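Dear colleague,

I am handing over the structure below, and my notes on it follow directly after. Please read them with the structure open beside you.

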Amino acid sequence: MLFSRVNVAWLNLAHDKVRLVVRVLGVAFAVLLMFVELGFWNALLDASVELIQQFNGELILVSKARYALAIKEPFTTRRLAQAREVSGVRAAYAVYLEYVASLWKDTGIPEPQRSSSSAIRVIAFDPDEPVLNIPEVNAHRADLKILGNILLDRKSKPVYGTVQREIDRELSQHTVHIAATFRLGTDFASDGNVIMSDVTYAHLFPNELAPSETLSFADVGVLHIESGADVETVRRAVRRELPDDVNVYTKDEFLDVEKTYWQKATPIGFIFQLGLFMGFIVGAVICYQIISTDVSEHLPEYATLKAIGYHDLYLSSIVLRESLWLAVLGFVPGLALSWLLYALLDAWVGLPMYLTSLRILLIFALTTVMCAVSGLLVLRKVKTADPAEVFA
Amino acid sequence: MSTAAPTERPRSSSVRQGPQILRVQGVNHWYGDTLETRKQVLFDNHLSVARGEIVIMTGPSGSGKTTLLTLLGALRSVQEGEVEVLDQKLHQLSGKQLVEVRRNIGFIFQAHNLFSSLTALQNVRMALELRESDRKRIHDRAVEVLTALGLQDRIHYKPSRLSGGQKQRVAIARALANRPKLILADEPTAALDEHSGRDVVNLLKKLAHEEGCTSLIVTHDNRILDVADRIVSMADGHIKSNVLVQEEIEICEFLKQCDVFAHLTTGMLTNIAEEMKTESHPAGTIIIRQGDVGEKFYLIKSGIVDVIVNQGLADEAKVATLGKGQIFGETALLTGEPRNATVIGVREVELYTLDKPRFRSAIAASEPFRKELEKILFQRQ
């Protein structure tokens, strides 16, 4: 330190400790703002794929024509039988989904006050198979073997009425019995979730043309691979063996496909990108204020540096380094605060707020750009520092 | 014999021996961008300063001293005229090149302009880092120069913990750190008490003597006038007077020794001295010719002249030989009669001259003196 170059940028920032704290908190606030916007955006997208997340498998099979989970495009369960033969595949589960015909009636409310029935998402599978990674669901799989027994999502919207065990409700004009509840969450396409056995599903939603063939057409195939097997290798093997009326995705790929669909199909992406952008702008304004105030206050000193022979470039580098210091210093507490807020939101509202390393990197990059941009804007001001004014 | 065709120059451009460190020629300057707001602040300024000179620049505020100083310091672009500093023609340089020139100049500012976030040591190092890359040497030199200014116990203090005088000394240390050949100072002693102010000017004097460092100081502090080799005073954007102090003293002493001026007060003598110009003539030049109308009064700076009176057609008589410090040519100016003798340079001569109107107004300024002078002249006859 003794023999290093004088680090004007850092010394300027660190000179007044109280102000340093205020400034760092200012940037941290902007970081928090961006994290929250990104968090909400991702939370909604994450929510829309929560079901896919919970599938107990590494590979997902869907009809080639299916471009989103909510679009009814079934495929023949023969593909699952074929997939089971591929080496590396331990199990292939059929999942049946119903979004439209599954009208739920809250019979807990007397007829006159009751609102008209609304559709609820039905997820059905063989209760002998561990298709979902939800412990509550797996604990009650046995209950589903009784025809008419269902599990109801506690996070379903209030329109479905009281979520309570051991009561009867009406689904698709059939009486169903809520054997237990579980927690999954709503998304763009569904306001609530019901889990039932494939048998109950066939009973409630028979194929109109061939009722006995109802279970021969699955909506999603979940492939569970042998432990130790390479996902990509197995995927290629399955792909080779199966006709191309189905797509074989890894779970991550399918998550991406689904998220991309929702991002395009809804204004959600735009809204939160806008929010993120606003956060960025607010941050840039805060940053600009901080740096610009700092430069204004030091203008005579900058002019002096010019007078004694420093070029504009050196002064610019001071300002830019100051802004980058601010970015780094502000990001750390900003990240900590965001982590705290994410945890609180997840706990209170139930939104899945995840701080993935990619998202952290993204916000860090945005913070750096934000500070650098404000620094660059302030540079014009530095150029106005007139060395001739030092003799005033 | 050639008649007098003297190479006359105002004394304001009189030059000391040695190389020029600074030369200003015909400098005009304007402020304001548009034609309506444009206002001329400097008018036809000329100045030459030799290496090792200490120049004090005075004048009322708004007289243009600061503007001239910023032009000399390469802090402003020259608009009209020529400015040469440290062998660089500033009027021909680009903005970037001007920045490079500044690195060789030590600036001392009235508002010390120290970086409030840097310690005294770091402030001084900022200047050193411009020229030197060896960090150990930078550190050592910074400590050395701060110590020389009596700040060895304060090197790690930030400006907020230093007194006004200490801050000014740090600023001076910063200016001196790179051993500049030229120091430009704006009221360097304004914030200092008499003792510290004296220390500062003594330091500048020492630098001038030991390292040939030239200083140009804008000041109103007359306590430090005694260090000046040259005093330049400005008024209304123009160098009104530019005096080599030593020369001025010399002229006054010469004048005082002459009977004609023996009774003048020092103030009047300096007034005369300031009005005088210099001219030089090669050997054999006729400086004044008998019978001509008298236009100037002369004081010999160096060399020897013969005074010859022509009384008849061929009767030329050398009546006197005059040397350094002696005067001639006053009689015709006082009496209004033609020259009563011819003066020829025997060797190359340098003369201080005063023209008739100035001579007369100087004389007229003092009624007792006038009587005295008339008495002297009367006695001469």
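Two strands are taken to pair if DSSP finds at least two bridges between them. With that in mind, and bearing in mind that this is a predicted model, strand β1 (residues 59-63) of chain A is joined by 5 bridges to strand β13 (residues 246-250) of chain A, the two running antiparallel, and in this pairing A:S63 stands opposite A:V246 of β13(A). β1(A) is also joined, by 3 bridges and again in antiparallel fashion, to strand β12 (residues 220-225) of chain A, where A:L223 is the residue that stands opposite A:L59. Of the 5 residues of β1(A), 5 are buried, so the strand is largely enclosed by the rest of the structure.

In chain B, helix α3 (residues 120-128) packs with helix α5 (residues 164-176) at an angle of about 25°, their axes lying 8 Å apart; because angles under 35 degrees count as roughly parallel, α3(B) and α5(B) are described in that way. The crossing of α3(B) past α5(B) is right-handed, and B:A120, B:N123, B:V124 and B:A127 of α3(B) meet B:V170, B:A173 and B:R174 of α5(B), a set of residues that divides into 5 nonpolar, 1 polar and 1 charged.

As for the two chains together, 22 residues of chain A are in contact with 27 residues of chain B. On the side of chain A that touches chain B, α1 (8-14) and α11 (299-307) of chain A each supply at least two residues, and α11(A) gives the most, with 5 residues. By class, that side of chain A has 14 nonpolar, 6 polar and 2 charged residues.

With best wishes

Note on methods
Residues numbered from 1 in each chain as written. Chains lettered and ligands numbered in written order. Predicted model: local features only at pLDDT ≥ 70, side-chain atom pairs only at ≥ 80, totals over all residues. Contact = placed C-beta atoms within 7 Å. Helix = DSSP H or I, 4+ residues; strand = E, 2+ residues; numbered from the N terminus. Nonpolar A, V, L, I, M, F, W, Y, C, P; charged D, E, K, R; others polar. Buried ≥ 20, exposed ≤ 12 C-beta atoms within 10 Å, placed from the backbone. Axes fitted to C-alpha atoms, helices over the stretch in contact; angles between N-to-C directions. Parallel < 35°, antiparallel > 145°, perpendicular 65-115°, else oblique. Left-handed = near helix turned anticlockwise from the far one by under 90°.
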